[in-house]
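Hi,

Here is the structure I promised to pass on. My notes on what turned up follow below it.

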Amino acid sequence: MPAERNAAARRFPRVVGETGRYAGIVLVVLAVFGGILLVAGKNPLKAYADTFLYTLANAYGFSELLVRMTPILLTAVAVAIPSRLGLINVGGEGQLYLGAWMATAGALSFPHLPAWVLLPIVTLLGFAGGAVWAAIPGILRARKLVNETIATLLLNYVAPLIVSYFIFGPWRSAESSAYPQSPAFPDAARLPSFFNTRIHAGLIIALVSLLLYWLLMERTRWGVQMRSIGGNQEAAQRLGIPVAAWIVVALAIGGGMAGLAGMGEVSGIHGRLRQGLSPGYGFTGFLIAWLAGGRPLGILLMAFLFAIITSAGDILQITQGLPYSVVNILLALLLFIVLARRPARRAAG
Amino acid sequence: MNVPAAEADLIEARSITKRYGSVLANDRVSLTLKGGEVHALLGENGAGKSTLSKILYGFTRPDSGEILRGGTAVDLRSPRDARAMGIGMVFQNFMLIPALSVAENIALFLTDLPAVVRTSAVEARIRRLAGRFGLRVDPGAPVRQLSIGDQQKVEILKLLLAEARVLILDEPTKVLAPHEVLELFQVFEALKAEGYAILFITHKLREVISCADRITVMRQGRVTGELPRGKADAGTLVTMMFGEKGVGERGQTPDAGRATRGAKDLLELHGAGTRARGSETALRDIELRIGEGEIVGVAGVSGSGQKELGDLILGLRPLAAGRKLFRGADASRWSIARMRDAGVAFVPEDCLGMAAVPGMSVRENLVLGTGRRYWKGASIDWGSLETRMGDSFRTLDFPLPRLAMPVGGLSGGNVQRVVVAREMAHEPKLVIALYPTRGLDARSAVSVRDLLRKVRDSGSGILLISEDLEELVEMSDRLLVMYEGAVVGEYPRGRWDAEQVGHLMTGSGEATRAG
């Protein structure tokens with residue numbers, strides 16, 4: 001596959017090539033989904049125009065896109081890093097919850113620290129929460145006990161329960177006893193937001209993480225080692241690369257990224273820990289990383305696209321009276337088309 | 001060749017020839033299988049046994065020659081045709097579905113299976129046949145609960161229920177414990193009594209002598225002899241398998257006068273043993289020394305533990321018993337990385353599978369496994385890597401491939417060159433060569449051998465694991481023979497004896513240590 005990528009790079013700049021690829025996918029999806037809207041008796045052009053108007057052509061709408069994009073960028077990186085070693089991390093959701101939980105623990109434990117001390121602590125704890133949660137499947141896999149796909153998946157069901165226990169129990173806020181949630185974060189533990197919108201510093205963290213992911217994989221000797229494990233584990237092992245250690249480390253770093261996503265949600269958006277923190281950001285991140293083939297630019301574009309699609313769900317609900325779940329049709333279409341393209345690409349490579 | 005006795009002949013192969021590229025896998029091979037006879041097909045790995053059996057089972061079509069069923073020529077285009085002719089085969093890897101029961105597995109194989117399966121009827125048929133031939137298994141048991149020996153019984157039952165009259169068994173005893181082998185031979189007796197023909201493929205002499213009625217020996221694609229029971233003794237068979245002068249003479253030409261033992265021990269194994277995982281062979285009580293400037297060859301039929309020995313030295317598998325010393329230091333618990341840093345290099349048979357990453361560039365593959373030599377901060381000092389590796393390619397007289405090219409896009413020979421150049425770049429002390437010439441054409445094989453000799457002459461030690469006896473004889477300064485995970489013989493250069501080595505490899509001789 002890298003051969004094919006190099007060949008593409010020679011023909012035209014990579015950015016143009018990748019953008020064109022994704023634009024093509026999007027066009028086909030929009031056409032098919034338009035047909036479905038027609039059958040449902042709606043006007044697809046109106047629906048698309050509304051979506052465009054309330055997202056890309058509108059300052060507030062655009063800012064909301066970036067807000068939606070923040071966690072899914074991070075959960076996509078959380079999947080992409082282990083995938084370079086041939087590991088499948090389906091646990092972004094659980095790692096996000098654990099990150100949010102640890103970040104909350106930090107924010108509530110040191111309410112009197114100044115922001116310049118507290119925010120790094122909260123950020124690190126968020127990373128650590130996700131990292132620990134992903135390291136457990138990592139260790140099990142490295143010892144050849146349990147497949148990491150299954151372990152990460154199952155831990156997704158455990159993490160929200162831990163969060164629930166704390167917000168129903170020890171951390172339950174006194175101010176609103178009817179609604180289970182933690183007390184509000186001290187201001188020093190809130191990520192700064194920008195331009196009077198909900199865009200918060202988490203977006204910068206997400207973009208930097210994406211860049212670091214690329215640097216780590218393509219520019220460092222650690223990246224060479226990790227990719228060698230993904231490319232041929234038997235050879236990597238025989239060449240003395242510490243395969244077991246890398247499996248744990250890569251999953252932990254990935255989990256840490258998802259943990260940062262959770263930290264961003266509690267500290268940047270909600271300002272407290274509550275249930276239903278994530279409407280499946282972890283799973284969306286998995287789709288994005290997978291559709292983008294782990295390529296950083298693809299992740300960026302796909303995350304943006306997914307932000308538009310999920311926004312479209314809200315907008316169509318209001319303007320066209322369509323149920324929110326129509327976006328699931330849209331997502332499924334996207335998936336089908338990418339799946340259908342895949343064998344062709346392999347044959348070409 | 002014998003004159004076929006018309007009635008009893010079930011299957012006859014006449015002058016079968018099959019060529020794969022430059023290799024003549026079967027060269028005018030003829031073989032007759034008679035009802036009521038166990039016919040053993042004996043030969044080393046690569047002698048052409050598997051090719052012949054695949055042709056008889058319709059898996060492969062011969063380039064020339066014909067197959068006769070009951071005296072008339074037949075065209076076997078697929079295993080389906082072969083099954084219709086009453087030919088069945090048990091492969092080395094069983095074709096069973098672990099989650100299904102014995103009866104279900106067998107039912108799946110039957111061609112006359114109705115849409116609604118009456119399991120009880122199938123089970124009754126199984127019980128009847130099982131009782132008659134001593135193939136006792138519980139038809140209701142799921143296959144995953146069965147021992148390997150019982151799974152083999154299921155495979156045989158499958159063929160019997162499908163009304164096969166000719167049974168081809170490809171190395172059936174390889175996976176069996178000794179008492180299971182005896183049981184299998186009793187099954188053979190019962191089948192013979194009812195007129196079945198059995199083709200028993202193996203390279204274990206002792207088994208052949210104890211159960212076969214007729215023995216065909218193959219070497220390098222040709223039939224070197226056919227003997228009836230009684231005329232076959234171990235000596236004759238070994239000569240047929242390995243050739244008159246196969247072992248012994250050739251090796252004495254180029255290096256005849258060499259000292260047989262290096263000055264200093266590089267690697268020592270004392271009482272080393274491993275546990276077997278899956279179908280691997282457990283190593284037992286290995287005593288081994290590899291000195292500076294010597295090539296230690298390891299001979300043995302496949303699966304005797306040679307690969308495991310190489311992996312043990314490399315550090316890929318832990319010692320269950322004994323000690324490993326490298327240049328005097330206890331290396332029993334060293335990681336692979338540490339062994340490599342200390343100067344152990346590894347040249348495998350399948351470079352793309354075991355020593356390179358196909359999706360990564362040549363440049364990146366060259367840095368893998370070089371330890372910390374080219375670390376520069378968080379990155380790699382690509383410049384000095386390229387200089388050093390360029391030198392290595394030049395020294396070896398290999399053409400330098402494009403460094404940005406993915407290794408998976410190179411030809412097999414060039415992949416091996418990349419791996420060899422990398423492994424030789426830092427003057428290794430010890431080279432583990434695991435079947436380094438398997439699959440290479442004759443010229444490349446010669447250059448690999450020359451290279452190993454050059455490395456040896458520069459003072460390194462080499463462990464040469466090979467299945468090519470002539471190569472071992474030519475190259476080895478000392479020759480070890482392995483059988484079932486143990487070293488059963490050790491000879492200094494020029495002192496080996498063809499017959500003895502053959503006996504040891506096939507498990508029909510006494511252990512000797514002439515070193």
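Predicted model: local features only at pLDDT ≥ 70, side-chain atom pairs only at ≥ 80, totals over all residues.

Leaving aside residues up to four places away in sequence, Ile299(A) touches Leu73(A), Ala76(A), Val77(A) and Ala80(A), along with Leu210(A), Ile288(A), Ala289(A) and Ala292(A). Ile299(A) also belongs to the largest nonpolar core, which has 240 residues. Together with Val77(A), Ile288(A) and Leu464(B), Ile299(A) touches the most other members of that core. The element that gives the most to this core is helix α11 of chain A (residues 243–270), with 15 residues. From chain B, the core draws at least three residues from each of domain 1 (6–242) and domain 2 (357–427).

Next, the contact between the chains: 18 residues of chain A meet 26 residues of chain B. On the chain A side, α1 (2–11), α9 (221–231) and α10 (233–238) each supply at least two residues. Of these helices, α9(A) provides the largest share, 5 residues. Sorted by class, the chain A side has 7 nonpolar, 6 polar and 5 charged residues.

Finally, have a look at helix α17 of chain B (residues 498–505). Which of its residues are buried? They are Val501(B), Gly502(B), His503(B), Leu504(B) and Met505(B). Among the elements covering the buried residues of α17(B) are α8 (234–242), β13 (295–299), β21 (478–483) and β22 (486–492), also of chain B. After α17(B) comes Gly507(B), with a positive phi near 75 degrees.

Technical notes:
Residues numbered from 1 in each chain as written. Chains lettered and ligands numbered in written order. Core = buried A, V, L, I, M, F, W, Y, C linked by C-beta atoms within 7 Å. Buried ≥ 20, exposed ≤ 12 C-beta atoms within 10 Å, placed from the backbone. Helix = DSSP H or I, 4+ residues; strand = E, 2+ residues; numbered from the N terminus. Domains from an automatic or database assignment. Contact = placed C-beta atoms within 7 Å. Nonpolar A, V, L, I, M, F, W, Y, C, P; charged D, E, K, R; others polar.
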